[in-house]
Protein chains: 2
Amino acid sequence: MTDDDREEEGCVFEIALVVPKWGENRGDEREGAHCVDILVDELRQKGFIVERDVGLQNEFIKLAASDDVIGRAAAALQFRKPTCIGMDLPFEWEEATAFIRLPDGSLFSWCERFRCYNHIIYGIVNTRESAVVLRSDSKEEHWKPGESLLRKLEAMGIVKEVFPLHDEKKRKQLLRSWAMNWADVTQQPIDDICAYYGMKIATYFTFLGMYTRWLLFPASLGLAVQLVDFGSLQFAVLPFFFMSLISWVVLFFQFWKRKNAAVSARLQIFNSASSESEYRSMKTEPSLSRFPSEHMRKQNSDRIKEKANFQREEWFSWLLRVRNDVFVILSIIFLQLPFELAYAHLYEVLGADVLKFGLTAVYLLVIQYFTRTGGKIAVKLIKYEKFDTAENKTNSLVYKVFGVYFMQSYIGVFYHALLHRNITTLRQVLIQRLVMSEVIENLLENSIPYLSYSFRKYRAVRNKVKRDKGSSTGKSRTFTRVEKEYLKPAYNASIGQEIEDGLFDDFLELVLQFGMIMMFACAFPLAFAFAAMNNITEIRADALKLLAMMRRPIPRAEETLGAWLNIFQFLIVMSICTNSALLVCMYDHEGNWNLSPGLAAILVMEHALLFIKFGFSRIVPEEPAWVKAARMKNASQAEQVCTRQLLKSLSGDEKWFEEARFQESKKDA
Amino acid sequence: MTDDDREEEGCVFEIALVVPKWGENRGDEREGAHCVDILVDELRQKGFIVERDVGLQNEFIKLAASDDVIGRAAAALQFRKPTCIGMDLPFEWEEATAFIRLPDGSLFSWCERFRCYNHIIYGIVNTRESAVVLRSDSKEEHWKPGESLLRKLEAMGIVKEVFPLHDEKKRKQLLRSWAMNWADVTQQPIDDICAYYGMKIATYFTFLGMYTRWLLFPASLGLAVQLVDFGSLQFAVLPFFFMSLISWVVLFFQFWKRKNAAVSARLQIFNSASSESEYRSMKTEPSLSRFPSEHMRKQNSDRIKEKANFQREEWFSWLLRVRNDVFVILSIIFLQLPFELAYAHLYEVLGADVLKFGLTAVYLLVIQYFTRTGGKIAVKLIKYEKFDTAENKTNSLVYKVFGVYFMQSYIGVFYHALLHRNITTLRQVLIQRLVMSEVIENLLENSIPYLSYSFRKYRAVRNKVKRDKGSSTGKSRTFTRVEKEYLKPAYNASIGQEIEDGLFDDFLELVLQFGMIMMFACAFPLAFAFAAMNNITEIRADALKLLAMMRRPIPRAEETLGAWLNIFQFLIVMSICTNSALLVCMYDHEGNWNLSPGLAAILVMEHALLFIKFGFSRIVPEEPAWVKAARMKNASQAEQVCTRQLLKSLSGDEKWFEEARFQESKKDA
């Protein structure tokens, strides 16, 4: 195959555009070129290596680019990249030697390349004086001067999709070293993952690996608690388990934060495009730095006005956010909670297993619908809020959706644990939920993509056969690699695809599992062993899913767990409270530990206050927005002004270094 | 007086050196100049305006400096100051016009001037080839080449002290606008305070003012709770008071953080010398930036070694810190706690009032000794610890000493509240402690400096009279202003003078008051009104103390409350727990809210775990030291390299601006 041959020579196609396959009316005599031909010409003019690949149903335009093309785009985007002196500077193609290369010798990481590709292909505009006629099979449209070609074609329905392509060589290497490497189950080639998938996915797998390794401690402790008889000390076993568990989890998250910081610092070189967005948003405000005298005159009145503006905006967005949060919380409490409680109660009350089965089926259908609606409402709500960064936006979404899932997953268990005080049923429910949900979810997670892939393949072949019958040409029915990838499902979140990617579901699964095993730890210590086993398979299953069953995801740059970390912390606090309550239930066999309403009320109040104390500090931001903006402006202006000169002196004339070195040696002598 | 005349002309003496007054052997015939004359000559050579002022007991060398002298020192110290383009750059005297001036038109704040004075006067070294003979009344010593003159003279006992002088004009202005301004009691001229005393004292008074203003809410609420009869709702009054109190305090500290950030940003111009110390500590490590090629070769092996080093050091210092903390906590629990409990118990048991009085006298004597010893041990302990910054060092001291004071102040009250469950006695104890301690402390705080000043004045006159009897010359016995200031006490902390200044005592008073009113709020809601009244007088009393009864303190740059803020937070959590316990005591008249050992144990465990959860996160630092160091190095290197060029283009040639403006206008047209 020429395809593979070319790739061996180092030309890797990284992006594909999907356009419809044209029938026989390709070479008709109408005036003007076909719009796909125009697109390909424009792409070639931008310096891309373009290959057109006709599949069974669609035509694929595959793009590859040399460092030269990417470099100029990176300079236009002003990526901040590390230089050999250790500081980050905006990239310039002329001074490329000053910038540090990646371990594999290339100048740009996948994340950066992807952004450059996007910048170039969406930056194709009509530079001629007059409009160009874009002709497709059915219609003709005018490409006006200054209009983006790709957006126009997307609007016309010609370009169906733009998606990143797998790099076959690296993918196979990762399959060997990661997904199929069963030697050490928690060890993963994080650097390679980061290079291939970007920082966000690497962070997820780093966390998953560390979490699984650390989980072995409570798993073995839980096994010991469950299986060993401690004789006369038996009564102290559960409290001891509880204490060590909480210490373990607190230490784990503390060390996770350290590891996260360390890994981010190590992998920073793959992730330098991330700081750029912040930098650009700063640049859009009018640059005051060039007219210091004028600037100083205006400064005082400006500053006061600016401050007032910032404060008004800050409080307005705060109010909006509070309103939305209150809305979400109230609707969860008054709509979802009764529903979940009703289900739990009905399930308990119903006698026949058939009825139970039917009820669960109805319930599952309804919550599917409920969750999807909740997600949509959450997405709609946060669209009206104003956020400084995209990260805050996703975080806000994550919190809201997690609220829905939290109720859904735990209310039934709470019902058994706290209202019925029935430890045996609780244990059964836990086993059911844990084992069933883990097994089923893992199965679904891996089979659904495969099934959908197979179905799309089958449909494509069927359509092809139908059409071939009409034209009766004897073409082969094999798929090219790019078409196979096109048929694979994208790595999308089950809710709010425009904001989050598939990691949302993976994190949600992890968090719900964590909550389940932590909050009811004292009732079922064995759960940790289940979770550890499950996570070990989860690592490989997720790796396989990403490598073999999904399209290559769009690289994202987030370096931390973000909102999920706060959710973990919240679950820890929750688990302290629920386990305490569980212990009271379990040790108070005779019910003589009197909780008369007075004491109980004070305890509830105390906990509510503790919650306020530690929750409130998140509601009001600690730093006024205008102070923060001033700080950011400061920092970005500082480097904006002086980097070009500095860069020249760094990479340009070696003379300067020679001189400096000479003087240094003279001083030493 | 010529003294005041000169000051009117704008020459303000800001620093005084104290040297002994010489008798008649001044003009003796020994070879070489007198050492004080040498010092004065050297100071004049450095560009100072020097005035010698002979007092009753000592001679004072007063120094003033022009902007020129200060500016050169500031450039040598590489102060980072804001420029007209909005970013901070190291100061250079040649480009002084590029830097923003203070509101009063001067180029340097008092904090910066003070550091420059110190830099210059301690930087006087012998630049000659041979040693110079320093002759004093009693002995002769050799001033070797390269040795600091001032350190030598301090070691010889000639220069007794170097202290900053009040600026009479500004002091009188502040007295009018601040200490004697009774119009709005919580409004203070923070900007002027910051300009005159430095950032740390301004922060203290900002906090005190805001705290007092906010305190009016719980004060009025407390009054209402105490005085109004709510009829059938009476039973819900205290819980409601408790809830609103906690919400109030949480909101207060959240808004305090915002105000602190805003005030720091506004007053940054007075405080630009603060960032300089961090910058300098970074500069001491070998700069790798000048040899990029060599640097890159070494980089990999270096980085691994460096990282390992950082980690070893980090863990070692962590262990040391934990050991010290454990030592302090254990000694407080096993030495101080029994002692305090014994006192509280004995006081309760003793019948006769005389015995009680005697016991209290003994107790007060012993705790004086105990506190001083504790402070000394704490200072000694933290000397062996390694801290990144001076701020962490003071924080560590503050935590340790606060532990001692916490036990001392509250154990007696806890004893009454929790063990005896006697609300009436508790209330009496609270009133006693609050009123007595506040009144007595305010009196002592203000009278002791005055008494010691008067005593030193009296002694000086008596000595003078004695000596005058011998020589029988008829000199006047009035004091010059500088001698009066010398006789005033310095603004020192009661413990660890080398680490903290007098603000330690003021903050300690504030924190202990806060703890007292918050932790026992439900037992005595009236306390807030007491505290509000006390704080209103405290503001003026502290202002008067600083302006009239103390030497001018050494300016400090800390912008936040530092450790005290965490102590406030700790007291809030404590107060949630103690108030809950108090409510249980107060509402459980019949003792039928059964707290059998099981439930009580679980509650205690739960609270301990919550404490661990929120306390642990402070024990392990979130960011590894090496990551932090790399980040800091990055930031400082960035600006180090390019600032000089940037500055030239800013202040030097206006041509560049003209051109830029021309091009801009062309673009607009």
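**Annotated spans, sheet and helix packing**

Guide: UniProt, in an unreviewed entry, places the feature "transmembrane region" at residues 233-256, 326-344, 350-370, 397-418, 510-531, 561-583 and 595-616 of chain A. Such positions are given in the numbering used here, feature names are shortened, and annotations may be inferred rather than shown by experiment. The model is predicted: local features need pLDDT of at least 70, side-chain atom pairs count only at pLDDT 80 or more, and totals for chains, interfaces and linings use all residues. Residues are numbered from 1 along each chain as its sequence is written, while chains are lettered from A and ligands numbered from 1 in the order in which they are written.

Two of the annotated spans may be set side by side. Residues 397-418 of chain A are 100% helix and 0% strand, with 30 Å between the end C-alpha atoms. Residues 510-531 of chain A are 68% helix and 0% strand, and there the end C-alpha atoms are 10 Å apart. Helices (H or I, at least four residues) and strands (E, at least two) are DSSP runs, numbered from the N terminus.

The sheet of chain A comes next. It is an open sheet of four strands in the order 2-3-1-8, with antiparallel pairing; two strands pair if DSSP finds at least two bridges between them. Strand 2 (49-54) and strand 8 (161-164) of chain A are the edge strands, each pairing on one side only. From one strand to the next the twist averages 25 degrees. Axes are lines fitted to C-alpha atoms, for helices over the stretch in contact, and angles run from 0 to 180 degrees between N-to-C directions. Strand 2 of chain A pairs with strand 3 (residues 58-64) of chain A in the antiparallel sense over six bridges, and A:Glu51 has A:Lys62 in strand 3 of chain A as its bridge partner. Helix 2 (residues 35-45) of chain A packs on this sheet, touching strand 1 (15-20), strand 2 and strand 3 of chain A, and its direction makes about 150 degrees with that of strand 2 of chain A. Contact here requires C-beta atoms, placed from the backbone, to lie within 7 Å.

Elsewhere in chain A, strand 6 (residues 132-135) and strand 7 (residues 140-143) run antiparallel and are joined by four bridges. Strand 6 and strand 7 of chain A form a hairpin with four residues between them; A:Val132 has A:Trp143 as its bridge partner in strand 7 of chain A.

Helix 8 (residues 199-227) and helix 9 (residues 234-266) of chain A pack at about 165 degrees, their axes 10 Å apart. Helix 8 and helix 9 of chain A are therefore roughly antiparallel to each other (under 35 degrees counts as roughly parallel, over 145 as roughly antiparallel, 65 to 115 as roughly perpendicular and the rest as oblique). The contact residues divide into 14 nonpolar, two polar and one charged, where Ala, Val, Leu, Ile, Met, Phe, Trp, Tyr, Cys and Pro count as nonpolar, Asp, Glu, Lys and Arg as charged, and the others, Gly among them, as polar.

Methods. Two residues are in contact if their C-beta atoms, placed from the backbone, lie within 7 Å.
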